Amino acid sequence: MYDFIIIGAGYGGLTAASLLAKSNKKVLVLESHYSIGGCAGYYKREGVLFDVGATTLSGFDYNGPLDRIEKELNFQLKKKRIDPGMVINFKGKKILRYRNLQKWIEELNKHFPGINHEKIWSRIEHVSEKAWGLLSEVPLFPPASFNDLFSFINKNTGDYLKLLPGLLTSFKSGLPKEARNHEDYIQFLDQILMITAQEKSDRVPYLLAALGLNYPKDTFYSYGGMTSMAHEIEKKIKGYEGELKKRRKVFCIEKNDSDIFIIKAEFNKKTEVYKSKNIISNIPIWNFTEICSGNFKNKMNKISKKYNKSWGAMTYYFSVKFKKDLESLYYQVHSNELKKFIDSESLFFSFSARDDLTRCKDGFQAVTVSTHISIDAFKKQNFYEDNKAKIKTFEKIVLSTFQKSFNEFEILDVGKGEVGTPATFEKYTNRFEGRVGGIPHILDYYPFSYPKNSTPDPNIFLVGDTVFPGQGVVGVISGAFSLVYRILKK
Ligand SMILES: Cc1cc2nc3c(=O)[nH]c(=O)nc-3n(C[C@H](O)[C@H](O)[C@H](O)COP(=O)(O)OP(=O)(O)OC[C@H]3O[C@@H](n4cnc5c(N)ncnc54)[C@H](O)[C@@H]3O)c2cc1C
């Protein structure tokens, strides 16, 4: 009998499991795939290690969640800061996202003159710093009950209350007029927000947009790929006598007469049965609803149905050898060709570090390219046969954009590439309909309606990118800290 069974070994589940195991809880993580990390996982092809989805780490600054997990579990990830954290190729401009605020403002003044960048970005930086403080000091934010409100009261309450209006107005409406009316500037900001908040500036609350826009300032590359930190956390779970079992797909959760959960998982085409006092789901809320039973399933169904907007991803994986060094490892390239083809305006190119020989050898770099796509964009029957032409077109657009945008670094060689679609994510991570990136941060869900980590059953909890604060490795790790705080304080 376990204290906690955690379904899924994504960053949310792994972090929650490690913190609970450290607090002497008997935990078991059940993961359906043969490797951990989920959307921040990897795959290997002909000796090259590709990140499947997530490629950048953020959250080591301002006592951020990644800094906290390193300290809490006592490990040091092999990583390096990337500055500029991102380069944006936009309408013939090349915009370098420097970490230093003054340098960044100068860069923006060069490309978008006539806008008060000093005012806009000083505020973004201030709000972002305060918001991380709020999330670490007030783990039960946003409150799920009257009791949670009390956790809000500490020496910084006054400061935090000032942040709350930022949940009620859009980022765009908070911009000075000259910026709000500058079409190109808004388009440029919107594409950054699409990768960090999954929505554009007229729909994202100011507070969440500030976090999203500040994200590329604090960018780190993880040696060995994005799963390296997951492996560090896995080691700690085992060190604290927790268990993690792979290739176990949970397909049913029931409660017996003694209020104990019976969890059924498929392993090698056979059914295994586990018992636990509590459950933590690290799978998207739509998937979780499917495996629940009884009245609880009906309740979860009502909750998860409210959140229907979510993106899919198109990805492309290949390797490249350049003569010259890149100025960053992360590039967002706006593309008109792409815009005509799918409902997306930019491609995100992430390169492995040339000195990371665990990923690629002989001067090559592994590349993961990603963009948003509506999950309805593909025919669902006979997926590959019916969508062959579309997949081919996507590959052509990626490669032509790549040639145009990276020619200046003198491309010496390009390895064979592979396309990923929402069906690929559905197959390897089970994510419902291939929905990835979490639930977009939109005004409709604030201040109180974004999914929370508690559920109608006091012994079932949620963690991961479909729960507040949602997205990205930094978001789900922050969410896991909040969840464990909620559990341990009970
Ligand atoms: C293309 C793309 C690019 C991204 N880029 C970035 C980035 O650069 N930086 C960043 O921070 N974030 C990025 N993200 C987002 C980030 O990857 C995710 O938000 C985060 O990894 C989600 O973690 P999670 O723990 O919520 O869930 P997941 O990663 O989805 O993990 C859930 C786990 O549960 C397992 N599972 C599913 N069903 C079952 C079942 N029934 N039984 C047992 N196990 C099950 C899955 O196999 C998976 O391992 C990106 C995402 C995508 C798709």
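Asparagine 74 counts as exposed because it has 10 C-beta neighbours inside 10 Å (exposed means 12 or fewer other C-beta atoms within 10 Å of the residue's own, buried 20 or more, and partly exposed in between, with C-beta atoms placed from the backbone). The structure is a predicted model, in which local features need pLDDT of at least 70 and side-chain atom pairs count only at pLDDT 80 or more, while totals for chains, interfaces and linings use all residues. Residues are numbered from 1 along each chain as its sequence is written. Asparagine 74 is placed in the loop between helix H2 (65-73) and strand S5 (79-81) (helices are DSSP runs of H or I with at least four residues, strands are runs of E with at least two, and both are numbered from the N terminus). Although asparagine 74 is not a glycine, its phi is positive, at about 60 degrees.

Arginine 247 belongs to the loop between strand S9 (243-245) and strand S10 (249-255). With 14 other C-beta atoms within 10 Å, arginine 247 is partly exposed.

Cis peptide bonds were examined next. One joins aspartate 83 and proline 84, with omega about 5 degrees; proline 84 is in the loop between S5 and strand S6 (86-90). The bond from tyrosine 446 to proline 447 is likewise cis, omega being near 10 degrees. Proline 447 is located in the loop between helix H16 (422-429) and strand S19 (460-462).

Aspartate 3 is part of strand S1 (residues 2-7) and is partly exposed, having 16 other C-beta atoms within 10 Å. Aspartate 3 and lysine 26 are 23 residues apart along the chain, and their C-alpha atoms are separated by 5.1 Å. When neighbours within four places in sequence are left aside, aspartate 3 is in contact with Lys25, Lys26, Val27, Lys277 and Asn278 (contact requires C-beta atoms, placed from the backbone, to lie within 7 Å).

The largest nonpolar core has 132 residues, of which Ala16 and Val29 touch the most other members (such a core is a set of buried Ala, Val, Leu, Ile, Met, Phe, Trp, Tyr and Cys residues joined through C-beta atoms within 7 Å). Helix H17 (residues 472-489) gives the most to this core, contributing 9 residues. Not counting residues up to four places away in sequence, valine 29 touches Ile6, Ala9, Gly13, Leu14, Ala17, Ile237 and Leu244.

In helix H9 (residues 206-214), 9 of the 9 residues are buried, so the helix is largely enclosed by the rest of the structure. The buried residues are Tyr206, Leu207, Leu208, Ala209, Ala210, Leu211, Gly212, Leu213 and Asn214. Their cover includes H4, helix H6 (157-163) and helix H8 (183-196). The axes of H8 and H9 are 9 Å apart, and the helices pack at an angle of about 95 degrees (axes are lines fitted to C-alpha atoms, for helices over the stretch in contact, and angles run from 0 to 180 degrees between N-to-C directions). H8 is therefore roughly perpendicular to H9 (65 to 115 degrees; under 35 counts as roughly parallel, over 145 as roughly antiparallel and the rest as oblique). Leu189, Ile192, Leu193 and Thr196 of H8 make the contact with Ala209, Gly212 and Leu213 of H9. By class, this contact of H8 with H9 has 5 nonpolar, 2 polar and no charged residues (Ala, Val, Leu, Ile, Met, Phe, Trp, Tyr, Cys and Pro count as nonpolar, Asp, Glu, Lys and Arg as charged, and the others, Gly among them, as polar).

The axes of helix H3 (residues 101-111) and helix H4 (residues 117-137) come within 10 Å and cross at roughly 140 degrees. H3 is therefore oblique to H4. The contact is made by Leu101, Trp104, Ile105, Leu108 and Asn109 of H3 and by His117, Glu118, Trp121 and Glu125 of H4. By class, the contact of H3 with H4 has 5 nonpolar, 2 polar and 2 charged residues.

Key:
Two residues are in contact if their C-beta atoms, placed from the backbone, lie within 7 Å.
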